[in-house]
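Subject: A structure for you to look at

Hi there,

Here is the structure I promised to hand over. Please open it first, and then read on for what I found.

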Amino acid sequence: MTDHHIGMIVPSSNLTMETELPRMLRAREEVEPGDRFVFHSARARMQHVDPEQLRAMNAQAGRAAAELADARPDVVATACLVAIMAQGPGYHCTAEDDITRVLRAEGCAAPVVSSAGALLSGIAALGAAKIAIITPYLKPLTQAVADYIEDAGVEVADALSLEVPDNLAVARLDPHDLREHYRSLDLSDVDALVLSACVQMPSLPSIQAVEDEVGIPVLSAATATTFRILSELGLEPRVPGAGRLLAGAGVADSVTRRSA
């Protein structure tokens, strides 16, 4: 039995990162009982998803990383996709490198995963060149996310903005509603659907159900982050009922750290 310690840097108002990731990894423990997962969080203040608060939250990442380093995690995940993507294409590499430097200065050798970089990695691992996305953001931020993904070489054919600026309200959205929301998207010529391009918007209960309905891979920022965490730990990315990305061996072989 091996315990894997996962450090998470989360917005102070985030409720979902610490819900969906543990649920997925607990489900993995049921089919792979030799691996167990322990979670440690550090928070960065953010209440509203607007450019000013996103920049302010990013500025707190170093302090949060230093706090997590004291727990000597095996991997560290920073989880606010839009905070990174709103800073411009490729910024996930800068954010990951900055956090890595802080961890190393504190004597912690953990690899670093960002939800922004993880989403790009997940799309790449699925071989998807054209996607559709759903976000909880206002339309300008959704456009920033689409632009970021397209800069990485993936076409965003269609996007739906739910336009919920309050981060706590995002966490309280019903994930089952996504089973209807996705129907407003044009999926006729896409390779994958990102059901939630935000780790705060719950989607896990709908990932597999929507994938079964549409017949293409369905992923989220949370499932992609889980995929990257497992890959960085050297474990098979296998979580039952969480979509094709987490279906197991074969997918992880195609992923690299920096998809951008």
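Let's start with Gln 200. Leaving out residues up to four places away in sequence, Gln 200 touches Ser 13, Asn 14, Leu 15, Thr 16, Asn 167, Leu 168, Val 170 and Ala 171; a contact here means heavy atoms within 4.5 Å. You can find Gln 200 in the loop between β7 (192-196) and α10 (204-214). Helices (H or I, at least four residues) and strands (E, at least two) are DSSP runs, numbered from the N terminus. Gln 200 is buried, at 2% relative accessibility; buried means under 20% relative accessible area, exposed over 50%, and partly exposed in between (1.4 Å probe, protein chains only).

Before going further, a word on the source. This is a predicted model, in which local features need pLDDT of at least 70 and side-chain atom pairs count only at pLDDT 80 or more, while totals for chains, interfaces and linings use all residues. Residues are numbered from 1 along each chain as its sequence is written, and side-chain values use heavy atoms, with hydrogens and water left out.

How confident is the predictor? pLDDT is its confidence in each residue, from 0 to 100. The chain averages 90, and 92% of the residues score at least 70. Over residues 252-260, however, pLDDT stays under 50. Where pLDDT is low, the predicted coordinates should not be read in detail.

Next, the annotations. An unreviewed UniProt entry lists Asn 14, Cys 80, Leu 81, Val 82, Tyr 137, Asn 167, Val 199 and Gln 200 under "binding site". They span 187 residues in sequence, yet no two of their C-alpha atoms are more than 14.5 Å apart, so they gather at one spot. UniProt positions follow the numbering used here, feature names are shortened, and annotations may be inferred rather than shown by experiment. The unreviewed entry also gives Cys 80 as "modified residue: S-(2-succinyl)cysteine". Cys 80 sits in the loop between β3 (75-78) and α4 (81-85) and is buried, with a relative accessible area of 10%.

Finally, look at the open sheet: four strands in the order β6-β5-β7-β8, with parallel pairing. Two strands pair if DSSP finds at least two bridges between them. The edge strands, β6 (155-161) and β8 (218-220), each pair on one side only. β7 and β8 are joined in the parallel sense over three bridges, and Ser 196 stands opposite Ser 220 in β8.

Enjoy exploring!

Technical notes. pLDDT is the predictor's confidence in each residue, from 0 to 100.
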